[in-house]
Amino acid sequence: AVAEERAQAEAFALDSNYPNPFNAETVIAYSLPAAGPATLQVYNAAGQAVRTLVKGERAAGGYLATWDGRDDRGEPVASGRYVARMAGAGFEREIGMTLLK
């Protein structure tokens, strides 16, 4: 799920998720200074994409994406270390996340 916030972003940003470590779900904040493409994916420790949270055009602004610890098929993933990777027009950033069950 993604919720839009109304504040105008001045730069691309991918903030640390909260809570971290997490159990049931975690929230990832990101922002875009201008409208354009954005992708936010979660990768496991082996570097495999397990969940796509955001993919497509987004308006400028701040957003919140929630990850429920499930893969793209809706199956729960194992406890462990994961990486959230955001890519936009000329921007890439990663943050580490820990899922504890």
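Student: Which side chain meets that of Arg73 in a salt bridge?

Tutor: This is a predicted model, in which local features need pLDDT of at least 70, side-chain atom pairs count only at pLDDT 80 or more, and totals for chains, interfaces and linings use all residues. Residues are numbered from 1 along each chain as its sequence is written, and side-chain values use heavy atoms, with hydrogens and water left out. A salt bridge is a side-chain nitrogen of Lys or Arg within 4 Å of a carboxyl oxygen of Asp or Glu. With 2.8 Å from N to O, the partner of Arg73 is Asp71.

Student: How many salt bridges does the rule give?

Tutor: One of them joins Glu92 and Arg85, at 2.6 Å from N to O. Another joins Asp68 and Arg51, at 2.8 Å from N to O. By this rule the count is four.

Student: How many residues apart are Asp68 and Arg51?

Tutor: Strands (E, at least two residues) are DSSP runs, numbered from the N terminus. Asp68 lies in the loop between strand S6 (61-67) and strand S7 (80-88), while Arg51 is in strand S5 (residues 49-58). The pair thus links distant parts of the chain, and the separation is 17 residues.

Student: Which residues are linked with Arg51 in a network of salt bridges?

Tutor: Arg51 has 18% relative accessibility and therefore counts as buried. Asp68 is partly exposed, at 32%. The network links Arg51 with Asp68 and Asp72.

Student: Which residue has its backbone oxygen 3.1 Å from a polar atom of the side chain of Arg51?

Tutor: Contact means heavy atoms within 4.5 Å. Leaving aside neighbours within four places in sequence, Arg51 is in contact with several residues, including Leu40, Gln41, Val42 and Trp67. The backbone oxygen at 3.1 Å belongs to Arg70.

Student: What is the relative accessible area of Arg85?

Tutor: The side chain of Arg85 meets that of Glu92 in a salt bridge. Glu92 counts as exposed because its relative accessibility is 58%. Arg85 is partly exposed, and its relative accessible area is 22%.

Conventions
Helices (H or I, at least four residues) and strands (E, at least two) are DSSP runs, numbered from the N terminus. Buried means under 20% relative accessible area, exposed over 50%, partly exposed in between (1.4 Å probe, protein chains only). A polar contact is a pair of N or O atoms within 3.5 Å; within protein, one must be able to donate a hydrogen and the other to accept it, and residues adjacent in sequence count only if both atoms are side-chain atoms.
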